[in-house]
Structure formats: C-alpha cells, structure tokens
Amino acid sequence: MIIDLDRQGWAWMAVAMKMLERWSRENGRTLPPDIAALAALAKKYDSVRQEPTDRAGSDELLDDEVVRRKLTHSLDEAADRIGVSKRTVERLVADGTLPSVRIVGARRIRVSDLEAYIESLPTAARSFRDDINRKQAS
C-alpha cells in the first residue's frame, strides 16, 4: 500500500488515528497491528516540523509561529517539548510539581507553567564526564 499525503493530510490522519485509539481503549478493544503501525506512522509524520523555505509574500502563520502562540499543551505535547515521556509529565502533574488545568474535560499544561517549571530546575553542578569518572573509580 502506498500512502501519499501532504502535511495537512498527515495531520488529519493523526487526529483520526488518535480518535480510533481512544474509542478502542474506551470500549476494551485492541487495534489490529497494521492499524497500530499506521497510527504510529501518522503520529511520527504529523510531529515532524519542516523548515520554512520562503516567507516572502506569505500572510499565513508558519507552524512554529502557531506553536509559539498556543497557550496550552496536551500532556503529549508538553512531554515532547521538554523531552520526557508522557508518563513523566503525568507524575509531575500528580505530585503538584507541574500545574495543569482542565479545559472541557481535557487536561492541559499552560505554556507559561511548563516554561516556569524548566526555569526552576537546578543546573547540573558537575559534568557528565565527572559522573562517568566517579562510576569508574568505584
């Protein structure tokens, strides 16, 4: 099977797959392996950001500009943005370290809260090399 979709097509495919996954979970069903693979592929291609080639004469906002204007992120988006798993974000929310809000039943992380959390993290006092040397010495 050949799938030839543009960027918008992959975005719609990712939304449809997410809805199908949610429906399957809620109804106690599992997705067939082929559908699960297609869902993973759609999510992968939808998350890939392309660099703009030419801004001249374009009145539309580029994808990166739209992301910058977002006020909230889903748990998945927040996890992707800070480079951790969704489960890690869930733990941070559960223990109150990372504030969240509910919007029509959906859990969201404010962009400002995510940025404040990252800014509050201490910087590493020692280097990765120091950690390796310490482990080799013991």
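Is Val111 buried or exposed? I looked up its relative accessibility, found 11%, and so noted Val111 as buried, where buried means under 20% relative accessible area, exposed over 50%, and partly exposed in between (1.4 Å probe, protein chains only).

I kept in mind that this is a predicted model, in which local features need pLDDT of at least 70 and side-chain atom pairs count only at pLDDT 80 or more, while totals for chains, interfaces and linings use all residues. Residues are numbered from 1 along each chain as its sequence is written, and side-chain values use heavy atoms, with hydrogens and water left out.

**Val111.** I placed Val111 in helix H6 (residues 111-120); helices (H or I, at least four residues) and strands (E, at least two) are DSSP runs, numbered from the N terminus. Setting aside neighbours within four places in sequence, I listed Lys70, Leu71, Thr72, His73 and Arg81 as being in contact with Val111, contact meaning heavy atoms within 4.5 Å. For Lys70, which lies 41 residues from Val111 along the chain, I noted a C-alpha separation of 7.4 Å.

**Val104.** I then turned to the loop between strand E2 (101-103) and strand E3 (106-110), where Val104 sits. Its phi is near 50°, which I recorded as a positive value in a residue other than glycine, and at 85% relative accessibility Val104 counts as exposed.
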